[in-house]
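Reader: Hi! I'm new to this one, could you walk me through it?
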Amino acid sequence: MSKKILVVDDAMTVRNLAKFALGKAGFTIVEAEDGVIGLEKAKAEKPDLVISDLNMPNMNGLEMCRAIKGDDALKDTPIFMLTTEASADVAKEGKEIGIMAWIVKPFAPDKLLAAVKKVLGA
Ligand SMILES: [Mg+2]
């Protein structure tokens with residue numbers, strides 16, 4: 001069964017890039033356009049990995065990840081955070097929450113795929 005990855009970003013171009021890079025490697029991609037929808041989909045789909053943007057309307061990436069890590073059924077889900085800039089404060093908060101990796105945008109599709117394969121072992 002193919003592993004499932006939830007991609008949460010308010011920018012469709014980023015979701016499409018991730019979908020292209022990861023989908024062609026055989027991963028199943030579930031998309032969400034903000035943290036509220038992302039959290040709903042995480043609960044419904046139980047993804048093997050979450051890749052989330054930081055800055056999004058309604059609920060940002062850190063808030064969503066905090067909610068995921070606070071949910072017993074989801075707390076072990078690895079999370080990658082996408083960001084254009086990683087301030088020390090944000091990085092510290094992300095570490096406390098349990099963000100596994102930071103990926104700086106714009107990212108090379110092959111690098112994203114390599115990082116994902118390392119975690120999912122696919
Ligand atoms: Mg954004």
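Here is a short chat about the fold and one residue in it.

Author: Happy to! This is a predicted model, where local features need pLDDT of at least 70, side-chain atom pairs count only at pLDDT 80 or more, and totals for chains, interfaces and linings use all residues. Residues are numbered from 1 along each chain as its sequence is written.

Reader: Thanks! How many helices and strands are there in the chain?

Author: Five helices and five strands. Helices (H or I, at least four residues) and strands (E, at least two) are DSSP runs, numbered from the N terminus. Along the sequence, the pattern is β-α-β-α-β-α-β-α-β-α.

Reader: And what is the radius of gyration of the chain?

Author: The chain has 13 Å, which agrees with the value near 14 Å that a compact globule of 122 residues would have. That radius is taken over C-alpha atoms, and the globule rule is 2.2 Å times the number of residues to the power 0.38.

Reader: Switching topic: where does Leu82 lie?

Author: In strand β4, which covers residues 79–83.

Reader: Is Leu82 buried or exposed?

Author: Leu82 is buried, because 24 other C-beta atoms lie within 10 Å. The cut-offs are 20 or more such atoms within 10 Å for buried, 12 or fewer for exposed, and partly exposed in between, with C-beta atoms placed from the backbone. Across the chain, 27% of the 122 residues count as buried.

Reader: Which residues does Leu82 touch?

Author: Leaving out residues up to four places away in sequence, Leu82 touches several, including Asp9, Ile51, Ser52 and Ile103. Contact here means C-beta atoms, placed from the backbone, within 7 Å. Ser52 is 30 residues from Leu82 in sequence, yet their C-alpha atoms are 5.7 Å apart.

How values were computed. Contact = placed C-beta atoms within 7 Å.
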